[in-house]
Amino acid sequence: MPRVTLSGTHHRYNAVAAVEDGGTWRMFLPFPDGSIRDAAFVGPDRLVCLSADGEICLIDWRLDREITRQPAGTDRPRHIFVPADSGWIVLYDGKRPLDEERYLHSLQVRRATDLAVVADGNGLQWTAGQTVGLLAGGGEFVPDPGEPTALTIQDDVFRDPGGQLAFVGFECGAPGSRYGLYRLDPSTGTVRCEPLPDAAKPWWFSPSGRYAVTPSSALPAVHDGSAASPPHRDAVADGRRRVSQALELWTTTPLGLARTIVARMTPEPPLAIRNVVWEPAETAFWVQYGHFWDKRAEFQRIGLDGSLSPVFHFERFHGTKVLADIADVTHAEHVEIQALPDAVRIQRAWCASDLPVRSISQDEDGFRASVWSGPKEAAVRRFLARSSRRHVVIVEALSQAAVAEGLRRLTLDIRERLADLLQTDVLELSFVVGGRTMTESAFFARVSRDRIAVAPMLRELLTTYLDVHPSAVEAKGLYRQIWGPKESHGALAAAMQALLRLDPDAHDVFRGYLARRDGEHETYTTDVMMRTYIAETGWRDRAMIGFGIYFALIRHRDGLINLNGGFLEEYGLLDAVEPMMSPEDFAEAMLGELDRFAKIPDIDCRFGWNDLYLGLRDGLPDTAFGRRVVAALAVRRGDVIMAVRD
């Protein structure tokens with residue numbers, strides 16, 4: 001049976017929709033300049049994808065052919081639901097069950113053939129009697145009389161037995177209502193609501209929408225561990241206190257509680273019910289207990305007749321944090337559990353046991369490695385490389401004149417149209433040198449290795465990039481960072497490194513390059529480029545020392561915590577300072593750099609002057625030199641002067 005998963009690279013996250021069919025992966029790039037929020041099959045041979053910008057694309061994945069695409073009109077929907085045999089594609093957003101905030105969610109129904117809109121809205125317009133509503137736009141959290149109330153959807157949309165779309169809604173019905181089961185007729189846009197218990201909890205609906213399971217809202221039963229009248233098979237007479245964990249089974253047509261099933265009794269506190277997955281026949285469902293931080297995942301089959309399997313757990317994963325999910329309950333002989341990226345199995349024959357708990361050993365768990373890992377990373381990279389838009393720079397030869405001319409043309413292109421050169425948030429260059437293609441990293445490495453005298457042109461290229469960077473970021477809707485073609489590398493990182501090798505005094509340009517980064521995520525510049533620069537250049541003069549202080553401030557700006565001392569000690573700065581500067585001169589340099597740093601526009605630093613000052617001061621070592629610097633800072637700051645001991 002085909003399955004679809006989203007894939008991509010560090011820079012092009014979820015750009016690829018990958019379909020596995022018979023063990024072979026087929027990859028699609030529906031949005032060349034964007035990412036995919038969700039994807040779903042529409043019948044046996046079509047795939048619908050929703051972009052982060054709200055665009056929808058319908059693909060015949062067997063023929064590798066686009067059928068149609070449409071803008072969603074809003075970027076709010078995050079999920080796709082395709083009801084079987086309905087001819088609809090539903091786009092929607094939803095909140096988590098335990099989140100009792102109200103939201104303005106969008107719900108949109110489109111025809112599966114051409115993506116034409118059938119129904120659309122983010123609010124519910126109710127009639128005077130509050131019994132029938134209409135999906136409408138303009139939802140408000142506190143509407144005036146006659147205006148639509150904000151639509152807040154909990155979890156997923158499903159299809160009920162009558163063929164209507166249904167969902168759990170929160171505070172979007174009649175005044176005073178909290179939770180309800182809402183049913184939408186897409187052909188008319190009409191909505192009806194039936195109240196549900198007023199409790200923040202998840203609901204898991206069966207494939208047909210006929211049943212729902214939810215944690216019980218009643219107080220748990222308690223057994224004190226005595227031999228008297230045990231209320232459940234798990235209530236062992238061992239003197240240990242146990243509490244019940246129960247689920248409610250509901251019908252949706254008519255809506256009502258059918259029965260309460262005590263799944264198990266456990267010592268306190270019980271593991272939370274994380275998920276429920278229904279078997280296709282809807283005669284039973286599987287419960288998963290425990291979140292990954294519990295370091296224990298447990299699974300149980302529960303029949304609608306109240307029959308209980310043992311609670312299963314895997315010795316392989318005991319005591320470890322593992323992202324486990326119930327992956328497949330359709331097989332006749334076993335149930336597959338996904339433990340990313342691997343898989344293990346529960347044999348159905350074990351479910352008939354009367355034991356309350358069954359530990360599954362490694363010898364019998366059917367472990368398979370990398371079952372759920374998706375297409376190989378190298379294959380994804382090759383696929384994306386075929387569609388990448390590299391900006392090509394023609395260089396006649398690796399001579400000073402030819403390289404200088406190529407860099408001048410590149411500088412002009414970046415000055416005039418940097419935003420147009422980006423593919424999403426990536427600037428990727430390709431150099432054709434004398435008819436031979438070179439990557440940008442190879443080109444700039446060759447320029448610096450051969451000592452081609454183009455430092456002024458590299459300086460002009462990088463300062464131009466830094467000048468136009470803010471407008472390009474704004475035009476593309478990015479947060480600070482423009483990336484280069486390699487993971488964790490910023491744009492033009494190879495050019496910056498080449499300039500530092502050709503002109504070690506270009507740390508003034510390096511300052512600007514460091515400031516433009518998203519320092520929380522782009523670490524190549526600070527962890528690799530800076531280490532290489534200092535190893536090759538050294539702290540050779542006072543200007544370099546000033547740059548080192550600036551670099552320490554950048555590290556604080558990036559929000560890092562140095563567990564091995566202050567950032568002034570990083571890369572050997574303080575070792576170089578002591579024979580070169582007096583404590584008083586170094587304190588003066590620190591305060592001067594700090595004053596200038598605080599005045600840099602758009603530095604995106606959440607720390608104020610005083611926080612940065614304390615970060616620098618407290619990072620000084622407890623040495624004679626360090627204590628004298630602290631004393632000199634105190635004199636200039638007006639602080640209490642610390643005792644100075646040699």
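Modeller: In this predicted model, seven strands make up an open sheet, and reading across you get β14-β12-β13-β18-β17-β16-β15, with antiparallel pairing. The edges are taken by β14 (149-150) and β15 (153-159); each has a single partner strand, so one side of each is left without a neighbour in the sheet. As a reminder, strands of a sheet pair through backbone hydrogen bonds, either parallel or antiparallel.

Now zoom in on one pair from that order. Strand β12 (residues 123-126) runs antiparallel to strand β13 (residues 132-136), and four bridges join the two.

Next, look at strand β10 (residues 107-111). Four of its five residues are buried, so this strand is mostly covered. β10 has pairing to show with both β9 and β11. With strand β9 (residues 88-92), it pairs in the antiparallel sense over five bridges; there, Leu 91 has Gln 108 in β10 as its bridge partner. With strand β11 (residues 117-121), β10 is again antiparallel, joined by four bridges, and Leu 107 stands opposite Gly 121 in β11. β10 and β11 also form a hairpin, with five residues between the strands.

How values were computed. Residues numbered from 1 in each chain as written. Predicted model: local features only at pLDDT ≥ 70, side-chain atom pairs only at ≥ 80, totals over all residues. Heavy atoms only, no water. Pairing = 2+ DSSP bridges. Buried < 20%, exposed > 50% of the residue type's maximum accessible area, 1.4 Å probe, protein only.
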